[in-house]
Amino acid sequence: MAATDKPQIGAHGVRLNRGLGITERIAPKMESWTGETRVRFTDFQVNEISKDGTVVHLKETKLVELPAKSAPAPASAAATTAENPKSQDTKEASGDAQAPQGAEGPHGNGTRHNGAAPPDAAPEIPEPAAADIQAITDITSAEFAESLVAIYQAAAAKKTIPPPARSPPLEDKDQRGQLHQLVRRVFHSLIDTTTDNSDPSLAGAIIVASGRPPRPSKAYSQANRMKTGSNRRNAKGKVKAEGEGEYLHFTLYKENRDTMDAIHQLARAGRAKPQHFAFAGTKDRRAATAQRCSVRWLKAENLHGVQARVHGLVTGDYRYERHPLHLGGLQGNEFVITLKKCHLADPASEALPAAAREAAIRGAAETALESMASRGWLNYFGHQRFGTYAVGTHEVGRLILQEDFEGAVDAILSYKPEVAQRAVDGEDPAEAHLRDELNRHRACMLFQTGDGAADDALHYLPRRFTAEGAIMRHLGRNPASRRDFHGALNAIPRQLRNMYLHAYQSYVWNHAASRRWALHGDAVVEGDLVVVDAAPKPDTSVTDPELVRAEPDGQAHGPGPHDDDDEPDEPTAARALTAEEAASGRHTIHDVVLPSPGHAVLYPSNALGAFYESFMARPENGGLDPHSMTRRHRDFSLPGTYRRLTARFLGVPAVEVRRYRDEEEQMHPTDLDRVRAAQAVEAQEAAAGRKRKWEAEQAQTQTQTQTQEQGPEAKKAKVEGQDDVVMGEAAEAVGTSAEAGKDASAVTTEAAKTVVSDEEKTKVAVIVKFQLGKSAYATVALRELMGEEDAGEQQTQETSA
């Protein structure tokens, strides 16, 4: 089969917007048009917007070398020592003499002035509460509780710790979890507990408790760590980045790489752990993106040095801080998207001249953008939320909610035999993501058909396919686990597993949003939900090292990166409007929220609430009840959330339409383009300065040599030749003016050539720039802008915060 005839791997196929519930539009009817993104990766640019509203750009890739700051002595102490050098000795002697009396400290609490306990003072050991010991006894036994107390007292006193204690077998998993938490709380984390279920003859698992000495206080550890870091920098005499702290913050610029892949590459090259890195949100792969990241215990010079060994990413703008970044700690993203090969949807328009097509597309784009800026658009979940394979991720979520775990596993491991056979035949695409797709199909075929063991399938499966790998490892452990489909789903990292469930919720939400707009438009009606308490969810600094490597460009193996931790600060509670409130005018369509199905949400008390029930009850949608979303397995129970019906821009959007000829033309410079241009100018200026300095030195040397050789006659010749020099300078100025005239003529001629070449530019491009909140999808906004019902099908890339 010819390369051009091969089916596109990961394409959406015939799955249209309508199938995902994306059917309505707020913008007025207009002449629709189409266009293509990702003709070049850099045609899609994403820059993170920090919580303070600052747009993140890569500005400096070099290290900043600053003089090390030495710690100055207190002014009063230094002055006293300078005036009377003996006073220090006298003070120290008197301090020693008064030590017994001052040991009580200013508050009489038995501590020294620096807060440290006297050397001979025994550490205070808090006694566990009798009720807590009784609670442990009720779960286990009195003997086990007494052993825990003995281990705790020894660990707190920094004495020899007794051997680990073992509890009676416990069958109930919830009891074991309660015991773990109880021991940690009662004994102040001085006792570690683990579960031992290695003995199959026992009725349950045994809890093993072992002691550990107390750690230094957080303040002590942080102070000493900072002191060590400061001494280390002072010893070198230079600081490689501004700021203070153990966390290095930096700007990550990447092209054609997803965020997690970039983090793993940096960690591997810098010999650091991926979990030491943190970021506010994941970014698109097939794009040029810039975002802030942080890493713990890695120097700026080390991070700067490793980027030469990794491809497709650049780091810069280094600064030390005392705190890491947190997932979700951003406002949104700024997009600059270039759509090339733009055409009007009407086939008859192809006969129009390029200038006429350009004007028509400009008029349609400006009209739509004006509507979007003033009225917003329906806040649909985009295609990435639903995956890119024949079996959508929302369908996997539906199977899980139906408790058809075998069907869910088969859906995740689905493959196309014809694509898998291409991999078996040795096809090796040049692009890495296409090779990964082929190998995924091959691995799933090997595992599903039984032609190979789990190890054989895992040999071909690329590491970025986290869900498939987790399932294969679990089912392939031994013959007994081959049918443990529920355990296989639980083996998938929690964030990815939840994304399947959230995809089903998003599927229902999209259809409900379309139904709401079709029924009432932008009118606020009785029963609509509005926010009661929009308190944001707390940020989390935990970065899961097994976080799914989402591919927002339509090449993903799973759902997009919009997990709950990556979602915006969604409203946590809502209430239904009364008829009087709806008619009062105090609320607009932008205040209305819709629930995603769950057991902890309120549904609209109007016809839309009935729609949730009838839609989810259909067999193709799972035959589910929106009021019964609790499951036997707690991980599969969905509380639900609220999402605003409409989305709006964060800032003022802009659109530019122009013609071009070359598809490789970069319509809008990337951050890296700007940095390289600035560095080139800086290098030219530095080279010109060195040249001028060298010429001046050469002229001075030549003058001195001539003076020494010619003696007193040279001075006379110099005076007599001043008039000639003046005339020569005048002639040179005239020549310079003539050259400048020639240059100006050349520029004018070149400009004329450019104007002429514009007539040959028959293709039309649209460059649009806008800012979105972290829950909004860029391709949904593009669909509203372009006015084409299925325009979003061509844009398989969504925003990822």
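Me: Which residues of H18 meet which ones in H20?
Reply: In this predicted model, Tyr504, Tyr507, Val508, His511, Ala512, Arg515, Arg516 and Leu519 in H18 meet Ala607, Leu608, Phe611, Tyr612, Phe615 and Met616 in H20. Contact here means heavy atoms within 4.5 Å. Helices (H or I, at least four residues) and strands (E, at least two) are DSSP runs, numbered from the N terminus.

Me: And how do the residues of that contact divide by class?
Reply: Eleven are nonpolar, one is polar and two are charged. Nonpolar covers Ala, Val, Leu, Ile, Met, Phe, Trp, Tyr, Cys and Pro, charged covers Asp, Glu, Lys and Arg, and the others, Gly among them, are polar.

Me: At what angle do the axes of H18 and H20 cross?
Reply: Roughly 140°, and the axes come within 10 Å. H18 spans residues 494–520 and H20 spans residues 607–617. Axes are lines fitted to C-alpha atoms, for helices over the stretch in contact, with angles from 0 to 180 degrees between N-to-C directions.

Me: What does that make H18 relative to H20?
Reply: Oblique. Angles under 35 degrees count as roughly parallel, over 145 as roughly antiparallel, 65 to 115 as roughly perpendicular and the rest as oblique.

Me: Left-handed or right-handed crossing?
Reply: H18 passes H20 in a right-handed crossing. The near helix is turned clockwise from the far one by less than a right angle if right-handed, anticlockwise if left-handed.

Me: Okay, on to H14 and H16. How do they pack?
Reply: Helix H14 (residues 432–449) and helix H16 (residues 466–475) pack at about 20°, with axes 12 Å apart, so H14 is roughly parallel to H16. Their crossing is left-handed.

Me: Which residues meet there?
Reply: From H14 there are Arg440, Ala443, Cys444 and Phe447, and from H16 Glu468, Met472 and Leu475. By class, that contact has five nonpolar, no polar and two charged residues.

Me: New topic: how many disulfides?
Reply: Zero, from a search of the whole structure; a disulfide is a pair of cysteine sulfur atoms within 2.5 Å.

Me: Are Cys293 and Cys342 buried or exposed?
Reply: Cys293 is buried at 0% relative accessible area, and Cys342 is buried at 1%. Buried means under 20% relative accessible area, exposed over 50%, partly exposed in between (1.4 Å probe, protein chains only).

Me: What about the chain overall?
Reply: Of its 801 residues, 45% count as buried, and the chain has 24 helices and 21 strands.

Me: Anything on numbering and confidence?
Reply: Residues are numbered from 1 along each chain as its sequence is written, and side-chain values use heavy atoms, leaving out hydrogens and water. Local features need pLDDT of at least 70 and side-chain atom pairs count only at pLDDT 80 or more, while totals for chains, interfaces and linings use all residues.
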